[in-house]
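Thanks for coming. I will go through some packing and pairing geometry, so please have the structure on screen.

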Amino acid sequence: MAHRIGRTFGIVAAGVCLVAAAAGAADLRTVIKELFAVPSTTGNEDMLAAKIRGLLPKGAVIEVDPLGSIAVRLAGTPGPTLVLGCLDGYGHIVSGFTPEGYLTLDRPVAPPHARFDAYLLGQPVVISTAKGPVQGVISQPALHLLTQERRRTLVEGFSLENAYVDLGVRSEKEARAKGIEMLDAVTYPAVLTELAGDQWAGPGLGLKAAAAALVAVTGTLSGRTAREETVIAWAAQTKFMARGRGARPAIGAVRARTKWQPKRTIIVEAISAGKGDGFPFPGGGPVLVQAKDEPSELRSALEAAAAAAGAPLQFLTRPDSPMAAPFADRSADVVTLALPVRFLNTPSEIIAVKDLQALQDILQRFLQPGGGK
Amino acid sequence: MNRRLFTVLLALIASVSPAGAQSKAWDLLREILLVPGVSGHEGPVSYFIQGRLPAGLKAERDAMNNVWFTVGSGRPHILFVAHSDELGWVVDKITPEGRVRVKQGGGILPQTVEARPVIIHTGKGDVPGIVSPRPGYDDRPSEVETQEAPFTATAFDIYLGVTSEAEARALGVAEGDPLTAKKTITDLGPGLMATRAVDDRAGCAALLDAALRLRPETVKGKTVTFAWDVQEEVGLFGASALAKTLAPDYVFAIDTFVSTDSPLESKRFAYLPVGKGAVLRAIDSSNVTPKTEILKVLAIARKRAIPVQIGNSRGGNDGSVFLAGGAVDIPLSWPGSYAHSLIEKIDRRDLEALTNLILAIVSDWE
């Protein structure tokens with residue numbers, strides 16, 4: 001993997017844009033917090049989709065996909081450009097009830113890394129039921145009673161095999177009476193931690209923050225003519241990979257391509273950052289990701305938009321992600337604009353609010369008539 | 001029954017009972033468990049306790065932050081003691097990159113705070129941080145299985161959102177500051193919750209509630225001391241200090257009963273269900289309660305219809321340091337699942353049974 005670091009500053013426009021960014025910052029923060037509070041895992045995206053729909057401008061025509069993806073269309077010259085974010089994050093689902101009233105767990109998709117399930121040990125969780133949220137905790141062995149053998153098997157070797165959700169009930173009947181059904185989403189409580197340097201931490205925050213940027217962009221541009229006809233979409237089932245040999249594209253992205261037939265695509269997602277204090281840097285601006293480090297019209301336009309917005313950009317070359325893969329046959333016309341996230345896919349994903357603001361500013365500038373020139 | 005007769009009866013009951021108002025132990029617990037008090041840093045929580053005690057009780061405090069009061073006179077001398085310290089860590093150093101390292105210890109499974117928020121309690125106020133996940137947490141496992149280094153407190157690398165030592169210090173963080181896991185209360189149902197620091201803030205709340213309901217003038221023919229001691233989790237140091245000045249005949253240590261009421265534990269022992277009443281810890285790692293005393297407690301509880309369970313488990317208690325001085329240690333508890341975790345579980349009925357049992361013993365113990 002090769003990378004190149006670049007920072008683009010539109011010196012003339014910077015002052016104006018910083019004022020504009022500051023004015024819009026409060027709204028973006030509010031949107032992040034609103035989305036952050038809503039659980040959303042693959043196959044259980046409906047609540048987040050509903051929340052986003054509620055935050056979109058009144059009168060916006062919402063396009064939907066039967067899997068749960070939603071989109072709004074901005075008018076412009078024939079296109080469309082697709083700006084594609086995600087609705088779903090990694091999480092767990094209810095897979096069964098024990099006679100004693102505990103829940104067993106499974107995942108709707110493969111975990112993002114080998115330690116993902118181990119974070120559940122001894123943590124509070126929320127089960128999203130049709131009747132509303134239900135609180136529970138993941139059982140853990142009492143420290144006083146741990147022998148070396150139990151430490152090895154139940155702590156070091158913790159997995160979904162020994163993950164039980166304790167709801168404080170004594171029977172399956174009582175558990176079901178709380179409204180819990182098989183396949184209900186199980187996630188960590190949405191507890192936000194605000195760190196120094198205007199950095200925020202929380203479970204699933206990278207996904208929600210990126211989705212919030214698209215909501216904010218839509219709010220600003222809705223009802224106006226864009227540089228080109230644009231579909232801004234939040235795709236469901238982006239963590240579920242299509243079966244078959246070779247590349248395993250995200251189902252949500254495959255369907256987005258089929259449905260909206262874009263001429264060019266900007267993928268908006270989270271990217272792991274700050275590992276070992278290395279590249280890309282949280283706080284260094286959004287990361288422009290391409291499979292090949294080569295110039296393209298879309299890339300140039302985004303760089304120009306960043307310059308005009310006075311927003312920093314980082315650059316990374318790496319193989320196409322499952323989100324970008326469905327569009328890879330026209331690689332010059334797909335770019336990923338990623339939000340750098342520290343501790344990605346842990347219960348404390350950390351974002352720098354200024355990175356998110358920069359992401360919004362770049363997209364906003366790019367989509368305006370004449371944007372990216 | 002006419003209203004006048006009812007009023008007279010109520011007054012009569014109040015005059016012979018050591019207990020006054022209804023229990024507020026549950027509300028006190030929800031409040032006190034959020035007050036920081038890592039072992040050796042119990043100032044805030046001990047001030048909280050002392051501030052809530054009725055002024056007439058003449059509470060004392062020593063340099064360690066032990067707090068206590070005594071009512072009545074004569075023998076026997078009964079001591080109730082709960083520890084106010086909680087599990088947590090202490091800042092060891094700040095790296096040039098602004099990361100915080102902590103000293104060994106903590107008493108909580110380190111894995112359960114990996115990639116989780118913590119709060120550093122500094123002289124300038126609370127500073128949040130995130131315990132970094134272990135390096136390479138999201139790397140693909142290697143083909144050849146290698147032994148992973150254990151994740152311990154000394155491996156903690158706490159990220160504050162800054163990139164230099166100077167910035168970390170500007171936030172107020174300094175060596176020796178205590179830190180705790182960020183606490184959230186999980187309400188599993190009405191009167192049932194799971195959270196950090198139930199051990200032993202539930203004991204503190206039960207004792208405080210009993211103190212608030214106590215009618216000191218009704219304590220006759222005995223001396224009763226209520227104490228909230230410090231540094232239990234790191235070696236019973238607060239209790240040891242109290243044992244130099246107090247010489248009780250009976251000590252009722254109020255602390256967690258480590259219950260196996262969970263899906264992961266063997267039910268071979270310590271299976272006392274949550275929600276089925278207060279607990280008498282007949283045997284633990286520090287004490288064996290004489291059966292004669294167990295029977296006395298049960299008789300008192302039975303007389304007042306207070307549900308009490310008897311069990312044996314592990315863990316020590318503060319009362320054990322008074323054994324050498326001649327006291328009998330009779331630990332009282334509630335059944336606590338998931339001891340020393342972020343999700344210590346407690347049932348309101350158990351807590352209120354415990355506080356009622358304390359008051360009943362104050363009244364009836366001979």
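Helix α2(B) passes helix α5(B) in a right-handed crossing; a crossing is right-handed if the near helix is turned clockwise from the far one by less than a right angle, and left-handed if anticlockwise. Helices here are DSSP runs of H or I with at least four residues, strands are runs of E with at least two, and both are numbered from the N terminus.

A word on the source: this is a predicted model, where local features need pLDDT of at least 70, side-chain atom pairs count only at pLDDT 80 or more, and totals for chains, interfaces and linings use all residues. Residues are numbered from 1 along each chain as its sequence is written, chains are lettered from A and ligands numbered from 1 in the order in which they are written, and side-chain values use heavy atoms, with hydrogens and water left out.

Back to the helices. α2 (residues 25-32) and α5 (residues 198-213) of chain B pack at about 135°, with their axes 8 Å apart. Axes are lines fitted to C-alpha atoms, for helices over the stretch in contact, and angles run from 0 to 180 degrees between N-to-C directions. The angle makes α2(B) oblique to α5(B); under 35 degrees would count as roughly parallel, over 145 as roughly antiparallel, 65 to 115 as roughly perpendicular, and the rest is oblique.

Which residues of α2(B) meet α5(B)? They are B:Ala25, B:Leu28, B:Leu29 and B:Ile32, and their counterparts in α5(B) include B:Arg201, B:Ala205, B:Leu208 and B:Asp209. Contact means heavy atoms within 4.5 Å.

Next, a sheet in chain B. It is open, with 3 strands in the order β10-β11-β20 and antiparallel pairing; strands pair if DSSP finds at least two bridges between them. The edge strands are β10 (186-189) and β20 (344-347), each pairing on one side only. Neighbouring strands are turned by 25° against each other on average, direction ignored. β11 (residues 192-195) and β20(B) are joined by 4 bridges, and B:Ala194 has B:Lys345 as its bridge partner in β20(B). Helix α2(B) also packs on this sheet, touching β10, β11 and β20 of chain B, and its direction makes about 20° with that of β11(B).

Finally, chain A. A closed barrel of 6 strands runs β5-β6-β9-β8-β7-β10, with antiparallel pairing. The twist averages 45° from one strand to the next. Within chain A, 2 bridges join β6 (residues 103-106) to β9 (residues 164-166), and A:Leu103 is partnered by A:Val165.
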